[in-house]
Amino acid sequence: MSEPRPRPVLATIPAYRPGLPSTNEEHKLSSNENPFPPLPGVIEAAAVELGRMNRYPDPGVTALGEVLAERAGLTPDHFAFGTGSVSVLFALLDAWCGPGDEVVYPWRSFEAYPIAVDLPGATSVRVPLTADHRHDLPAMAAAITDRTKVVLVCTPNNPTGTTVGAEEFHAFMAQVPGHVVVVVDEAYLEFVRDPEALAGADALARYSNVVVLRTFSKAYGLCGLRVGYSIAAPAITESIRKALPPFGVSDVAQAAALASIEAEAELAVRVASVVDERTRVVAALREQGWDVPDSHANFVWLPLGDRSAEFAEQVRPISVRPFPEGVRVSIGTPEINTTFLERAATFLRETPA
């Protein structure tokens, strides 16, 4: 008897692996979540929309689009919204790529990239990071062929936390054909303190083939409501909107995002607190003897290689995110960060390289 079968490509696509769970939320340093509760006014704004859950949400995320457009000096037709910036990326690649097309991106980078590329049948072209855990933009430019449709640039890079410099990006763009879409993923934009780092807004103003991705999940602390967006030329935005599922962003999420924008003074205080803790954690790890790259996100990177899984097990009950190349550790509360530092020091003492 015949059985229904999915597309063969699914057999080669790994499932997305979320951060390791923890029995205590404060111990969870594996998912780059904001350690703070919702910003002032967010719960109240979201609760109002809960009373309308019998109605479909605004399909265009109109109010949020108008606010963001005004702040950026653009029009709403430059914005597309989805359940997190990752869903917008999936839609973009669905709209622009198919079998025979190539997508160039750095590796290691965001774990969802290869999944998003493989699903429409496109081919991943992974370009290794440099020895200092940064994008190798000259190598990425060299990897572009006549089959390349999209290039992904992640700054700060997840999971290494390193940024792409503005000048090196402009040199890179001089080598990118105009028909190739360049996605600048700025999920961790608010945590950047590198004065030389690329600003996605500047790239948008300068290049018609750039798409910027942003999210309310990280700095704004709305992981559980899932709202992210892209900014691009209206023609590119229209293609993304066509590939997005209808009614993806709930009115609850839109209201929470709008309230979060209204509370940006408090947001700035919280982001500064995370950045201060990041500075403290990086300095302490280096003092212990760790090789830690400069991070401009809300996490740090330990390039442990094949010792990553061992380290992740040793620091439990704190949960961190091991990869084959290293371990990513989110910045949490000062108390849990201190506990993590103690466990990291113990690991070095008890299991020397």
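Tutor: Happy to. A crossing is left-handed if the near helix is turned anticlockwise from the far one by less than a right angle, and right-handed if clockwise. Keep in mind that this is a predicted model.

Student: Which hand is the crossing of α1 and α9?

Tutor: Helix α1 passes α9 in a right-handed crossing. Helix α1 covers residues 42–50 and helix α9 residues 251–262, and their axes lie 8 Å apart at an angle of about 155 degrees.

Student: And is α1 roughly parallel or roughly antiparallel to α9?

Tutor: Roughly antiparallel, because of that angle; the cut-off for this is over 145 degrees.

Student: Okay, on to the sheet. What is the strand order?

Tutor: The order is β1-β7-β6-β5-β4-β2-β3, in an open sheet of seven strands with mixed pairing. The edge strands are β1 and β3, each of which pairs on one side only. On average, neighbouring strands are turned by 20 degrees against each other, ignoring direction.

Student: Which strands pair with β7?

Tutor: Strand β1 (residues 79–82) pairs with β7 in the antiparallel sense over four bridges. Strand β6 (residues 210–215) also runs antiparallel to β7, again with four bridges. As for bridge partners in β7, F81 has Y229 and L213 has S230.

Student: Where do the β7 side chains point, and are they buried or exposed?

Tutor: G228 and S230 point one way, Y229 and I231 the other way, and all are buried. In general, side chains in a regular strand alternate between the two faces of the sheet.

Student: What about the other end, how do β2 and β3 pair?

Tutor: Strand β2 (residues 102–107) pairs with β3 in the parallel sense, over six bridges. In that pair, P106 stands opposite V127 of β3.

Student: Switching topic to cysteines: how many disulfides are there?

Tutor: The count is zero. For C97, the nearest cysteine sulfur is that of C154, 17 Å away. C154 is not in a disulfide either, and its nearest cysteine sulfur, that of C223, is 15 Å away.

Student: Is C154 buried or exposed?

Tutor: C154 is buried, with a relative accessible area of 3%. C97 is buried too, at 8%.

Student: Last one: which domain does UniProt list for residues 28–343?

Tutor: The unreviewed UniProt entry lists "Aminotransferase class I/classII large" there. Over those residues the chain is 39% helix and 15% strand, and the end C-alpha atoms are 14 Å apart.

Terms used:
Residues are numbered from 1 along each chain as its sequence is written. This is a predicted model: local features need pLDDT of at least 70, side-chain atom pairs count only at pLDDT 80 or more; totals for chains, interfaces and linings use all residues. Side-chain values use heavy atoms; hydrogens and water are left out. UniProt positions are given in the numbering used here, feature names are shortened, and annotations may be inferred rather than shown by experiment. Helices (H or I, at least four residues) and strands (E, at least two) are DSSP runs, numbered from the N terminus. A disulfide is a pair of cysteine sulfur atoms within 2.5 Å. Buried means under 20% relative accessible area, exposed over 50%, partly exposed in between (1.4 Å probe, protein chains only). Two strands pair if DSSP finds at least two bridges between them. Axes are lines fitted to C-alpha atoms, for helices over the stretch in contact, and angles run from 0 to 180 degrees between N-to-C directions. Angles under 35 degrees count as roughly parallel, over 145 as roughly antiparallel, 65 to 115 as roughly perpendicular and the rest as oblique.
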